[in-house]
Amino acid sequence: MTQLPSFNRSLLHPRYWLTWFGIGLLYLLVLLPYPVIYRLGTSLGRFSMRFLKRRVVIAQRNLTLCFPDMPQAERDALVVKNFESVGMGLFETGMAWFWPDWRIKRWCRPEGLEHIQQARDNQQGVLLIGLHFLTLELGARIFGIYNPGIGVYRPHDNKLLDWLQTWGRMRSNKSMLDRKDIKGMIRALKQGDIIWYAPDHDYGPRSSVFAPLFAVDNAATTTGSYMLARMGKPAIIPFAPRRLPDGQGYELLIQPAVEDFPLDSELSAATRMNQVVEHGILLAPDQYMWLHRRFKTRPEGEPSLY
């Protein structure tokens with residue numbers, strides 16, 4: 001069972017004072033009206049391209065690999081929009097952690113809640129497929145207000161941020177599990193809980209198989225979703241938190257359950273899951289975390305793509 005962090009006096013040590021300052025500043029900024037937050041966040045994201053040049057190169061490379069037929073001008077414009085989302089992602093994290101429920105509901109509209117209810121009517125647990133959108137924190141908060149579940153996460157190296165992100169996520173969810181705690185996830189699914197799970201990052205070769213993702217034939221894809229689906233027998237329901245243009249707010253798009261998820265092999269499961277991931281990314285491609293080296297793990301003997 002994952003031991004969740006709790007607040008203790010050691011988090012007041014001077015080593016954390018700069019982090020506390022940043023947290024306090026973020027708290028004050030997200031008190032501003034949302035249209036102002038939107039302008040600040042997108043402006044900060046565009047400005048960040050000047051000193052996050054390595055991440056800009058990674059984003060451009062990922063888009064080239066995934067969409068080789070996309071015109072260069074369109075790809076360049078998508079990178080700029082993506083970094084606007086990077087700036088907004090910082091503010092959206094503060095919104096997710098600090099906004100009261102009434103303000104979340106004012107600016108965020110869920111669609112597809114009936115798909116969760118259908119799974120509950122069938123007495124199934126739900127494997128909620130969330131992707132690494134830059135709206136990730138806010139999406140989890142929105143979903144949890146309507147259907148509290150259990151989040152899967154990687155503990156943060158900074159103990160203060162580890163406690164804070166857990167506190168923020170627990171505002172509208174039931175509990176958290178370390179991403180390595182597969183047994184805990186299976187147990188929760190069998191008990192009818194909702195498990196928020198992200199299968200779209202490269203977690204290395206030990207627990208992955210190589211399956212196609214967009215135009216990349218061999219993308220390292222976690223086998224965790226195969227184990228969870230096979231042993232927990234949940235409804236597999238994708239969702240995507242999408243930021244609306246021009247500061248209009250957000251919509252949480254909950255998709256129908258995946259009906260044809262294969263359980264005959266890890267490779268077939270990973271291939272089908274990557275199709276689900278592709279569909280999700282295309283709902284808001286400018287808001288996906290393209291600055292992550294998604295294709296860093298390669299089959300033995302193949303050169304790096306970066």
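Predicted model: local features only at pLDDT ≥ 70, side-chain atom pairs only at ≥ 80, totals over all residues.
A salt bridge here is a side-chain nitrogen of Lys or Arg within 4 Å of a carboxyl oxygen of Asp or Glu.

Take the two partners in turn. E302 has a relative accessible area of 35%, so E302 counts as partly exposed. R298 has 17% relative accessibility, so R298 counts as buried. The cut-off matters for this second partner: buried means under 20% relative accessible area. Elsewhere, some salt bridges share partners. Such bridges join R109, E111, R242 and E251 into one network. How many salt bridges does a search of the whole structure find? The search finds 11. Side chains of opposite charge can pair when their charged atoms come close.

Two more bridges reach across the chain. One of them is between D101 and R141, whose side chains meet at 2.6 Å, N to O. D101 sits in helix 5, residues 101-107, and R141 sits in helix 7, residues 136-146. The two are 40 residues apart, so this pair links distant parts of the chain. Is R141 buried or exposed? R141 is buried, because its relative accessibility is 2%. D101 is partly exposed, because its value is 36%.

Helix 7 also holds E137. This residue forms a salt bridge with R169, and their closest N and O atoms are 2.3 Å apart. R169 belongs to helix 8, residues 159-169. Here 32 residues separate the partners, and the pair again links distant parts of the chain. Both E137 and R169 are buried.

Which order do the strands of the open sheet follow? The sheet has 7 strands, in the order 1-9-8-2-5-3-4, and the pairing is mixed. Strand 1 (108-111) and strand 4 (175-178) are the edge strands. Each of these edge strands pairs on one side only. From one strand to the next, the twist averages 25 degrees.

Look inside the sheet at strand 2 and strand 5. Strand 2 covers residues 126-129, and strand 5 covers residues 194-197. The two run parallel, and 4 bridges join them.

Next comes a pocket. Rolling a probe the size of a water molecule over the atoms shows where empty space is left. The second largest pocket has a volume of about 210 Å³. Its lining takes in 14 residues. Which of them lie nearest the centre of the pocket? They are Q124, A235, A257, V258 and E259. Helix 6 (113-121) and strand 8 (235-243) are the elements that each give two or more residues to this lining. By residue class, the lining divides into 8 nonpolar, 4 polar and 2 charged.

One last stop is H292. This residue is found in the segment after helix 11, which spans residues 266-283. H292 has a relative accessible area of 18%, so H292 is buried. In sequence, H292 and I58 are 234 residues apart. In space, their C-alpha atoms are 7.0 Å apart.

Methods. Residues numbered from 1 in each chain as written. Heavy atoms only, no water. 1 Å grid on protein atoms, 1.4 Å probe; cavity = no way out; pocket = protein on both sides within 12 Å on 5 of 7 lines; lining within 4 Å. Points joined across faces, edges and corners; volume = space filled by probe spheres on them. Nonpolar A, V, L, I, M, F, W, Y, C, P; charged D, E, K, R; others polar. Buried < 20%, exposed > 50% of the residue type's maximum accessible area, 1.4 Å probe, protein only. Pairing = 2+ DSSP bridges. Axes fitted to C-alpha atoms, helices over the stretch in contact; angles between N-to-C directions.
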